[in-house]
Amino acid sequence: MGIGTDLTAVMEGVSASVAALDVLVLADASLCSGADVGAEVDVLQRRYELCLERLELVARLEAQLAAVKARDVADAVDIQHALLPPDAPVEERTFAEMSVVEEIAGILTISSGASGALVEQSRRVCSLPPVFEALAEGAVSWQHARIVADETEGLTPEGAASLVAHFFDPDAPNPARGAAPGDLVPSRFRAKVRAWRERHHPETLEKRHVKGVVDRRMDYAPDRDGMAWLSLYLPGDTACAIWNRSTATARGLQSPAEPRTLTQLRADVAASLLLGTGLQPAVNHNAAAADTEPAAAAAGAGNDAGPGCASTDIGKIPTPRTDVLVTVPVFSLLGLTDEPAVLDGFGPIPASMARKLVADGAESFYRVLVDPRDGAPLEIGRTRYRLPETIKKWIQLRDRKCTFPGCTNHTPDNDTDHLNPWHHGGKTDVRNLAQLCPKHHRLKHHSTWVPDPATPNEPPGWTSPTGRHYKPEQPDPQPTHWPQWSMPAAVAQSADLCPEDIPPWEPDDANLIDLNDLSPEDPLWAEFFETPFALSE
């Protein structure tokens, strides 16, 4: 069955990792004992570095052992099927698989449902050799491998192979850019994989969205300590708008006298909007617990004015503007294809949803057109021609989120920071600017984390205080979908043609002006950017 060869190779890696871990443990013990430690050695700094090196090895070892577990789970099911006669009925095969699932559940002390999910994920990971090899080498964690298993479900074998090649084969056509899969936190890796899947799924996102809308709902789940969870399953643009309005209104409430955090204010704002009531005052729960009249405090008794003290009319709160980018392929915006657009902070959305957002003129959404040749941004729609606004929007489009390694904070909550500080000679230029959330903005200025220079199209990477370098997570633009009747002949003849080989579009009408021929100072640019975009009927 070829089982032994796979496990033998994986176990060699496990043994090497364990041996390397032993060396680091002995080195730490030597430092603690003081034996053969020179006066020039900073013992505490070296022990700190050894802790981090051991964590790296433990993470690799966990991934390698996960590969062993996945292989054994998949093989156990396959062997159980092989034990049955070739002509065994379907019912007998079904019960044989149920039996092994329950056996695995008992051995691992997990539920039947968790065991069944593990079986499905293990078999899928083992059926994708590049993913299994990366797991066995410790290059990705089990969480990363499981994400690939989840996101390839529903794809054809060819589609699954293409997805895996895009992220795991550097020699594949148009491979994924930026950090390797194992260098991305699982949630960010899932976002990139899902974005690729949405574009290449055999059924268009438009059709799947129509089915998904039917399942919209609200869920309620009681929790501990007198709390509960309330969740909404809604179309992406609606959910994004609710989140952005709640966040912007919460920001409008923040002040030195307001004790609540942005997270707490956001929840309070959403609750008041749903209930149609004024925003209730903040409650100091620590003080309320010791108060002789906690009920009055909890009820928000009193009508004193001021943030955090009295009920507030949500409609009267000054709401900061929240600008959200909608990246739309040109042909999709014109209705010639159904290629998905990208809603900043959410991900791929149906083309019809993007066209509606643009056509309705929603003020909080910025339209971004992308080049049909390679998926790169062409221009950002705006109503005012001001350079600082242009740079800010370009940084938002380029970075998508906080650029610090592993951070998932999306652009509405972030600052545009000078990588090389202004007072150290840093310029206000896209190469010296990047998105940072407030937390990592402060960390940058109070630690030795060092960002790389950015480029017009790539966010910065980062180097940690111990010298570890983290590559930037980059957007993964794909060549856009061409409508067949308008595709250049060279493209129609060769599906494998590289994007840079596609000839640029040139206007046939001599009366039309090619904007590439205009200088940046030409006054026509101001007129161009002030012209509202309108879809033809």
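## How confident is the model?

What you see above is a predicted model, and the protein chain has a mean pLDDT of 78, with 72% of its residues reaching 70 or more. Where pLDDT is low, the predicted coordinates should not be read in detail.

Now look at helix α10, residues 236-253, and helix α11, residues 262-275: they pack at an angle of about 115°, and their axes are 8 Å apart. Their crossing is right-handed.

Who does the touching? On the α10 side, the contact includes W243, R245 and L253, while α11 brings in residues including L262, R266 and L273. Sort the residues of this contact by type and you get 8 nonpolar, 3 polar and 3 charged.

## Rings and charges

Searching the whole structure turns up 5 aromatic pairs.

Which residues have a charged end sitting over a ring? One is R71, whose charged end sits over the ring of F132, 4.9 Å from the ring's centre. Another is R217: its charged end sits over the ring of Y233, at 5.4 Å from the centre.

Notes: Residues numbered from 1 in each chain as written. Predicted model: local features only at pLDDT ≥ 70, side-chain atom pairs only at ≥ 80, totals over all residues. Heavy atoms only, no water. Axes fitted to C-alpha atoms, helices over the stretch in contact; angles between N-to-C directions. Helix = DSSP H or I, 4+ residues; strand = E, 2+ residues; numbered from the N terminus. Left-handed = near helix turned anticlockwise from the far one by under 90°. Contact = heavy atoms within 4.5 Å. Nonpolar A, V, L, I, M, F, W, Y, C, P; charged D, E, K, R; others polar. Phe/Tyr/Trp six-rings, centres within 6.5 Å; stacked < 30°, edge-to-face > 60°. Lys NZ or Arg CZ within 6 Å of the ring centre and 35° of its normal. pLDDT = per-residue confidence, 0-100.
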